[in-house]
Amino acid sequence: MPMATLAFIGLGNMGYPMAGHLANSGHEVRVYNRSQTKKDQWIKEFRGQGFGDVATTVSNCDAVILCVGRDDDVRDLLIGSHNAMAAMRPGALIIDHTTTSATLAEDMASAAQNFNLRFADVPVSGGQQGAINGQLSLMVGCHTDDYPEIKQLTSPYTRMIERLGDIGCGQKTKMVNQICVAGLIQALAEGLHFAEQAGLDRSKVMEVISQGAAGSWQMSNRHQTMIDGEYQHGFAIDWMRKDLDICLEEANRNGANLAITRLVNQYYGELQTLGAGRQDTSALLLRLQQQKA
């Protein structure tokens, strides 16, 4: 793989190891993060450079990779107060791993064209552990000609990657992912709750049914922590609500009926009201247990 000069913005639970994989693969990696401490920690652990402002970080880079929180974060970084696009080299590629609305992706692609830049929406799935292990699934919305470069640059942390269509299609595919995940977790929570009420050994039940038609990643990887009441290791409810709100907004535009997604989003809202917003999404079981109490 030819080495590139890359700017990586956002060293959170996902971005930190992803940027590390890029550095370990030999790329010249320049990092920016709002938290100075996190950036300094990354510099000690990996070979690369850290900068105190976005414009310096992205200047003269072949590609700029974002992994931040929300639509507003991306907009502010690229065309807002940080105005990264104005500081980038013409022809450079922007790869946005943030889970955002498809509308935001379309807007950023349009703005990029005005600066003679290229933009791709490339949300990821696989969680923090997938990022650490370099085993993420990437959903790409981009111009056809940009896909080979995206595939090559992201390969150090990718298990599966696919171009789903033009700009916005990556984000719409991530919406499908979150819709399916929300339903699976609620079903698993209800199954575990039922097993508890029925006096069954929940661990044994999960061991048996996980090998059949009911089996899923969520069942295999989350049932025991849910049984143990441990909700501090996964994707936070606050972030899942943000994602499901995006799904429901898109459904309002395209006419999709997301009855279950809407209901699960409401349940997550109830958990936020209980102060559980920073707990992971499998805390849907906690909601059922507290209702019983």
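Where is the place of N33? The legends below take up this residue and then other sites.

**View 1. N33 in its loop.** N33 sits in the loop between β2 (28-32) and α2 (36-45), where helices (H or I, at least four residues) and strands (E, at least two) are DSSP runs numbered from the N terminus. The structure is a predicted model, in which local features need pLDDT of at least 70, side-chain atom pairs count only at pLDDT 80 or more, and totals for chains, interfaces and linings use all residues. Residues are numbered from 1 along each chain as its sequence is written, and side-chain values use heavy atoms, with hydrogens and water left out. N33 has a relative accessibility of 14% and counts as buried (under 20% relative accessible area, with exposed over 50% and partly exposed in between; 1.4 Å probe, protein chains only). A polar atom of the N33 side chain lies 2.8 Å from the backbone nitrogen of L11. Beyond its neighbours within four places in sequence, N33 is in contact with G10, L11, G12, K38 and K39 (heavy atoms within 4.5 Å).

View 2. With a disulfide taken as a pair of cysteine sulfur atoms within 2.5 Å, the count is zero. C67 is in no disulfide, the nearest cysteine sulfur being that of C61, 17 Å away, and C67 is buried at a relative accessible area of 13%. C142 is likewise in no disulfide, with the sulfur of C169 as the nearest cysteine sulfur at 9.7 Å; C142 is buried, at 0% relative accessibility.

**View 3. E207 in helix α10.** E207 belongs to helix α10 (residues 202-209) and is exposed, at 56% relative accessibility. E207 and Q224 are 17 residues apart in sequence, and their C-alpha atoms are 10.0 Å apart in space.

Definitions and conventions
Polar contact = N/O pair within 3.5 Å; in protein donor to acceptor, adjacent residues only side chain to side chain.
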